[in-house]
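Student: Could you walk me through this structure before I look at it on my own?
Tutor: Gladly; have a look first, and then ask away.

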Amino acid sequence: MVYLAAAVVLLGVLCLLNLLLTIGILRRLRADAAQGHNPGLPFDLGPGSAPGEFTEVTTAGEPVSHDTLSGVVGFFSAGCEACHTLLPSFVEHARELGRDNVLAVVGGDDQETVDALTPVARVVTAELDGGPVARAFKNTWTPALYLVGDDHRIVATGARMEELPVRHLAGRA
């Protein structure tokens, strides 16, 4: 009987400790969210940040660089199921925005994705890591979308087209 009582007391203490740790974690997450910091997002560069310098050539032979970039930038990779799910929506929005307002970076060997994007976007193919453009954006996640303003700073990030405020770009097409 003494062992049973000791086990119940020990279990109660462990549950109380677990509860206190959980409350501490929740307070920390709320404080981070109130300061605008969200460590759960895969984007190192957020709104207001400027991507690093890069120079690349599209599949059509067009030069692309930090200085010529504005509009939507999408990162896709071969074998990425979420990328293939995003592709129809991205193509539809790219068609509305105009080819000069959209840059797609395809990492790895995925000719079907390149073929789908080429008529509606400037397309850069790269190694699976995304190459110089991905390094300039510090991007390690796919699919990843960035809206870049005319000042070459990031306006918004997201994983779906619906997360980007692209309405104001439609008039530039």
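Student: Anything to keep in mind about the model and numbering?
Tutor: The model is predicted, so local features need pLDDT of at least 70 and side-chain atom pairs count only at pLDDT 80 or more, while totals for chains, interfaces and linings use all residues. Residues are numbered from 1 along each chain as its sequence is written, and side-chain values use heavy atoms, leaving out hydrogens and water.

Student: In what order do the five strands of the open sheet run?

Tutor: The order is 5-4-3-6-7, with mixed pairing; strands (E, at least two residues) and helices (H or I, at least four) are DSSP runs numbered from the N terminus, and two strands pair if DSSP finds at least two bridges between them. Strand 5 (122–126) and strand 7 (154–158) are the edge strands, each pairing on one side only.

Student: And how many bridges join strand 3 to strand 6?
Tutor: Five bridges join strand 3 (residues 71–77) to strand 6 (residues 144–148), and the two run antiparallel, with Val73 standing opposite Tyr146 in strand 6.

Student: Switching topic, which residues does the disulfide join?
Tutor: Cys80 is joined to Cys83, S to S 2.5 Å, where a disulfide is a pair of cysteine sulfur atoms within 2.5 Å. The link of Cys80 and Cys83 is right-handed, with 80 degrees about the S-S bond.

Student: Where is Leu14 found?
Tutor: Leu14 lies in helix 1 (residues 2–34).
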